[in-house]
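Please look over the structure below.

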Amino acid sequence: MSRPVQARRLEGIDKNIWVEFVKLAATYSTVNLGQGFPDFPPPDFLKEAFSRAVSGEKHTLHQYTRAFGHPPLVKILAQLFGKLLGRELDPMTNVMVTVGAYQALFCCFQAFIEEGDEVIIIEPFFDCYEPMVKMAGGTPVYIPLRPKAPKEGKLMSSADWQLDPAELASKFSEQTKAIVLNSPNNPLGKVFSRGELELIADLCVKHDALCISDEVYEWLVYDGKEHIRIASLPGMWDRTVIVGSAGKTFSITGWKVGWTVGPNRLLQHLRTVHQNSVYHCATAAQDAVAQGFQRELERYGKPDSYFVQLPRELQQKRDQLIQSLVAVGMKPIIPEGTYFLVADISEFKSEVPDVPDSDEPYDSRFAKWMVKNKGLAAIPLSAFYCGAHKDNYNSFIRFCFAKVRHTAEHLCLWQGHTANHYVPHSDASAIALAGS
Ligand SMILES: Cc1ncc(COP(=O)(O)O)c(C=O)c1O
């Protein structure tokens, strides 16, 4: 008989909601607005760059490249982020390429978090932060964004979800090693304002804490809002690691190319974790992403830039989904960024009753009911909260609107609601723009 295997620090983090919901969506959904990736093609210039990389003359692109990032990619990232942050960046020491933003986050937690360190996580949060902190031996400390009631007759905005400054200050202590910031935020779509970032920055400086700044949705910002990089605020460059994703930037989530940008004093430790774990990322994909950035840098801010076109198309999709959800009786929270939208489902409690004292949060049971009965897949918001807070935020679900089938016509599948419940509009242009 073999002894039971003691898996180090893995207790309690083996369950993952995505496995269950992805399976349910595959079995029942006609319209899948659950999973967080675009179902439309990436831009042609990027597909062509990848084809050139794998079928061109340069056979070296089929082999290993520099471990910490293919030189053309780190060079162009240093150029672009240097421009965005207003500082000179060294491609070799201030940038490191990773297997998606996921690996970038993993490197950060493994490198910086020691036994007993506390890491502040703002709720709702991208779910991998919690297990990653725990695997590194740290303790997550949670602080929720608290919703303010919207103005009479108005829909709520993600900007109405705010940190309580006193509560945030109370979370910082001697043990605080880092705070994780995710702006624009998945799942709410909140884009933190300069004032909110200054509040976080001041506390980081005061308590000598690091900031792991997950900015994977940096280009997906709507209604003229500005994405502000916390690393550009006073005292923050030296203590911040920016995490980015080509998957989110160019609609190529399957390529898994990500990066970290930051001061060498921090990146040197990320390089140590990287060289002793993954070591190297796919060369051809890095080469194609480098070409994509080269093109974008040449068109920066111009109408034919993908960074200008993609948010414009997604904003239309956002607005169409808002109309459709209002028509079926949900209360969407207007996201300022990302391709996610959270909607309040409390009005449905008469149709899908709550079960008091159930172990499963209401939104999770609602999302299962919705996919089975209405063919529409979404993700319960409680999945983005720690165990102790799930029940406080259990009447919301998250939709992803980077989808071709996201409009009123598609949601007409919602039985029991006739087509004339929907706000009429045309989705033809959005589908054409989405390229399918
Ligand atoms: C907030 C956030 N960070 C990181 C990631 C991971 O990005 P990647 O696919 O580049 O690993 C995601 C993916 O959904 C995300 O939503």
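## Confidence

This is a predicted model. The mean pLDDT of the chain is 91. Of its residues, 94% reach 70 or more.

Strand β8 (residues 210-214) has the highest mean pLDDT, 99. Helix α14 (residues 428-434) has the lowest, 26. Over residues 417-436 the pLDDT is below 50. That stretch still has 32 contacts in the model beyond near neighbours in sequence. Where pLDDT is low, the predicted coordinates should not be read in detail.

## Helix α2

Helix α2 spans residues 44-55, 12 residues in total. From first C-alpha to last it reaches 16 Å, close to the 16 Å expected at 1.5 Å a residue.

Which residues of α2 are buried? They are L46, A49 and A53. Seen down the axis of α2, these buried residues fall within an arc of 60 degrees, so they line one face of the helix. An α-helix has 3.6 residues a turn, so residues three or four places apart point the same way. The cover over the buried residues of α2 includes α10 (283-298). The face turned away from the buried side carries the exposed residues D44, E48, S51 and S55.

Conventions
Residues are numbered from 1 along each chain as its sequence is written. This is a predicted model: local features need pLDDT of at least 70, side-chain atom pairs count only at pLDDT 80 or more; totals for chains, interfaces and linings use all residues. Helices (H or I, at least four residues) and strands (E, at least two) are DSSP runs, numbered from the N terminus. The expected span of a helix is 1.5 Å times one less than its number of residues. A residue is buried if 20 or more other C-beta atoms lie within 10 Å of its own, exposed if 12 or fewer, and partly exposed in between; C-beta atoms are placed from the backbone. The arc is that of the directions from the helix axis to the C-beta atoms. Two residues are in contact if their C-beta atoms, placed from the backbone, lie within 7 Å. pLDDT is the predictor's confidence in each residue, from 0 to 100.
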